[in-house]
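Please look over the sequence and the model shown here before reading on.

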Amino acid sequence: MSTFSRHIEFSDTEDIRRAVRTYGWDASYTRTGPGDLGVAAWETQVGDLLLYREHFEFPMLAYGLSPSECFSVLTVQNGGLRVYGNELSSQTIALFPAGAQFDIVSQSDLELFHVQVSGKRLAAEAQKVGVELATSDHALLVTPGPDRIRHLGRLMEQANSILAAGDQAAWRETEDDLLALLLAVFDRNEVETHRMHGSTGPTSEYAIQARRYVHSRLPGELDLPGLTEALGITRRHLNRCFKDHYGMSLQDFIHFRRLHEARHLLQQHPEGLKVTEAAYTCGFRHLGRFSTQYKQLFGESPRQTLHAANA
């Protein structure tokens, strides 16, 4: 039985992206508010199961695809999380079938506990007991009932303690219990019965289309009137959909994306690039205001970013 354990401290959202790609997640992250980076992850893999706990001290938006060969369960230990516009509460969990799309917004001081299991292993266990595993193009929110929620929490804490102590003999029973619980929450009939109000729908789809549009273009190339015309809705309706889904206005999100694009330009430090040029390129016209907002979001001034890139 192969095992490994590690604790990671991240220095930027790109570090997070590189780390999760190790396990097959294709994810992108956008910080959507100030706060200490303070991102840490504890990870342990035992055989076909991976357990990890993550802590984020700043709010962010994340989207992408879950691993194509794995099933995952995510629970919130502290803080707030939206999955496809739905709040993940203490009574709900998020399921990620193999290769599912996810669309998540977090608040500050978020703690997550996550279990990821090999799709082949889970399918083999499901066949033994005649369970048909749920499949979906999107992450699912389910309410498995308070007993299962508590049981899952106990198993995760138990697994944490066992693995920290290196007690592999005790791990075997916990692993069997975890697999049985994962089968129960991924049971197709259970998901259909307990699925929350749709993780997709007109409101969510309009918001997601807008988010994709903003991510796919440079800040100076955005044409929101053209987007609303293509979607067949008004700007006001699009703003309302975006706020309902992501918990922030579309204009605020565009502002954060502009700051991220400016940071990307400064980190790439093309020869002769100046802070003023990066700011103007990303749609900022007031350098002082840009520098203040940049420092609030990233914890350093644009000049410090540029200096570090050129060091």
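What follows is a short account of a predicted model, beginning with the overall fold.

The protein chain contains twelve helices and twelve strands. Its radius of gyration is 21 Å, close to the 19 Å that the globule rule gives for 311 residues, so the chain is as compact as a globular protein of that length. Along its principal axes the C-alpha trace spans about 60 × 50 × 30 Å, and 50% of the 311 residues count as buried. Among contacts between residues at least 6 apart in sequence, 76% join residues at least 24 apart. The accessible surface comes to about 14700 Å², of which 47% belongs to carbon and sulfur atoms, while the mean positions of the 31 positive and 38 negative charges lie 7 Å apart.

Within this fold, strand S11 (residues 110-118) is largely enclosed by the rest of the structure, because eight of its nine residues are buried.

Elsewhere, Gly-283 lies in the loop between helix H10 (275-281) and helix H11 (287-298). Gly-283 counts as partly exposed because its relative accessibility is 33%, a value that falls between the 20% limit for buried and the 50% limit for exposed residues. From Gly-283 to Tyr-84 the C-alpha to C-alpha distance is 29 Å, and the two residues are 199 residues apart in sequence.

Note on methods: Residues are numbered from 1 along each chain as its sequence is written. This is a predicted model: local features need pLDDT of at least 70, side-chain atom pairs count only at pLDDT 80 or more; totals for chains, interfaces and linings use all residues. Side-chain values use heavy atoms; hydrogens and water are left out. Helices (H or I, at least four residues) and strands (E, at least two) are DSSP runs, numbered from the N terminus. Buried means under 20% relative accessible area, exposed over 50%, partly exposed in between (1.4 Å probe, protein chains only). The radius of gyration is taken over C-alpha atoms; the globule rule is 2.2 Å times the number of residues to the power 0.38. Contact means heavy atoms within 4.5 Å. Accessible areas come from the Shrake-Rupley method with a 1.4 Å probe; for residues, only the protein chains shown count as cover. Lys and Arg count as positive and Asp and Glu as negative; His and the chain ends are not counted. The place of a charge is taken as NZ of Lys, CZ of Arg, CG of Asp or CD of Glu.
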